[in-house]
Amino acid sequence: MGGIPIAMGMVFSLLIWLPLKDFSDHKYLFGALLIMFIIGLRDDLIPLKPIYKLFSQLVPSLMLVFLTKLEIHSFYGLMDGLEFPLIIKVGVTVATLVVITNSLNLIDGVDGLAGTISVIALSAFGTWFMLLEEYVLVTITFSLVGALLAFLWYNWEPSKIFMGDTGALLLGFFLAYLAIRFINLNDSLPDANTFKFQNSIATAFCILIIPLFDTLRVFIIRLLQKRSPFSPDNNHMHHLLIRLGLNHSKTVSVLALINLFYILLAISIKDIKESLALLLVLGMSLIISFIFYLTAKDTPQLPGNGRV
């Protein structure tokens, strides 16, 4: 339940730095984060069945969609001019929130990994929002970064505390919110704006590459093996690195460097159209994944069933 001190550190910072008016203006965001925090806490205390946990996450997700007007409204640069009807907007937005939320939870399998990846992703989004002078989001984001840095001091190998679902669901949910806000705000910027990325979706994918692509690949592997995509195994990227002989610290460092590489890649291809950028990012991810698989396929599986 390391998510409890993470949330406390974030709230303590916000009480100092965020004006009360901004608390009021973002009350639905904070309310949704609180509900997701409670869901994670409940799951840490008394584990929920995956289906119950999934349905419970719909409540804060729908809260963001209807009360904060958060929505994915189109294919953006993939198909210009095609606006989703309301039911599609709601479905795609809720699905995005739930997928990103749980993808971070799924990579929380070695000491320091989920916290480190979250620090990188939050810092990337926070820096971009700062350049756009979205200072309330910047304050919330970097308050969470500061809390995470303190948490990582005790979560680094050998860890004394663990994040648990309490922290992973809270972090994943807020990252999902930031990703959608980034996509919409970036898409609305004029082309002449210095900080506009011509590929909103590809850029958000690069920032969240480790949890999103890892979740995608393990789900595909499980389906190909005719197993439930929610069944536990040892096929995550961090498991492959550990099988190669890396300890937790080195595994986290490798994946963090890959994440930073993708963020630099997103910056370098910021003027490439969406479809080409997505193909490039997905193609490169497949190559890296294949290299991991080839190097680890002859090493023995880890004992036990692994983590979901």
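I161 touches F151, Y154 and N155, not counting residues up to four places away in sequence, where contact means heavy atoms within 4.5 Å. This is a predicted model, in which local features need pLDDT of at least 70 and side-chain atom pairs count only at pLDDT 80 or more, while totals for chains, interfaces and linings use all residues. Residues are numbered from 1 along each chain as its sequence is written, and side-chain values use heavy atoms, with hydrogens and water left out.

- I161 lies in the loop between helix 8 and helix 9 (164-188); helices here are DSSP runs (H or I, at least four residues), numbered from the N terminus.
- I161 counts as partly exposed, at 30% relative accessibility, given that buried means under 20% relative accessible area, exposed over 50% and partly exposed in between (1.4 Å probe, protein chains only).
- Between the C-alpha atoms of I161 and L280, which are 119 residues apart along the chain, the separation is 38 Å.

**Helix 7 against helix 8**

- Helix 7 (residues 113-131) packs with helix 8 (residues 135-155) at an angle of about 155°, and their axes are 9 Å apart; axes are lines fitted to C-alpha atoms, for helices over the stretch in contact, and angles run from 0 to 180 degrees between N-to-C directions.
- That angle makes helix 7 roughly antiparallel to helix 8, on a scale where angles under 35 degrees count as roughly parallel, over 145 as roughly antiparallel, 65 to 115 as roughly perpendicular and the rest as oblique.
- Helix 7 contributes residues including G115, V119, L122 and G126 to the contact, and helix 8 contributes residues including Y135, V138, F142 and L149.
- By class, the contact of helix 7 with helix 8 has 13 nonpolar, 7 polar and no charged residues, with Ala, Val, Leu, Ile, Met, Phe, Trp, Tyr, Cys and Pro counted as nonpolar, Asp, Glu, Lys and Arg as charged, and the others, Gly among them, as polar.

**Helix 1 against helix 8**

- Helix 1 (residues 3-17) packs with helix 8 at an angle of about 135°, with the axes 8 Å apart, and the two helices are therefore oblique to each other.
- The contact is made by I6, G9, M10, S13, L14 and W17 of helix 1, together with T139, I140, S143, L144, A147, L148 and F151 of helix 8.
- By class, the contact of helix 1 with helix 8 has 9 nonpolar, 4 polar and no charged residues.

**F30 in helix 3**

- F30 is found in helix 3 (residues 27-45) and is buried, with a relative accessible area of 18%.
- Leaving aside its neighbours within four places in sequence, F30 is in contact with L14, L18, D22, F23 and I140.
- From C-alpha to C-alpha, F30 and P232 are 32 Å apart in space, and they are 202 residues apart in sequence.

**H73 in its loop**

- H73 lies in the loop between helix 5 (58-67) and helix 6 (86-106), and H73 is buried, with a relative accessible area of 18%.
- Apart from its neighbours within four places in sequence, H73 is in contact with L82, E83, F84, K89, N184 and D187.

**Helix 10**

- Helix 10 (residues 200-207) has 7 of its 8 residues buried, so it is largely enclosed by the rest of the structure.
- The buried residues in helix 10 are S200, A202, T203, A204, F205, C206 and I207.
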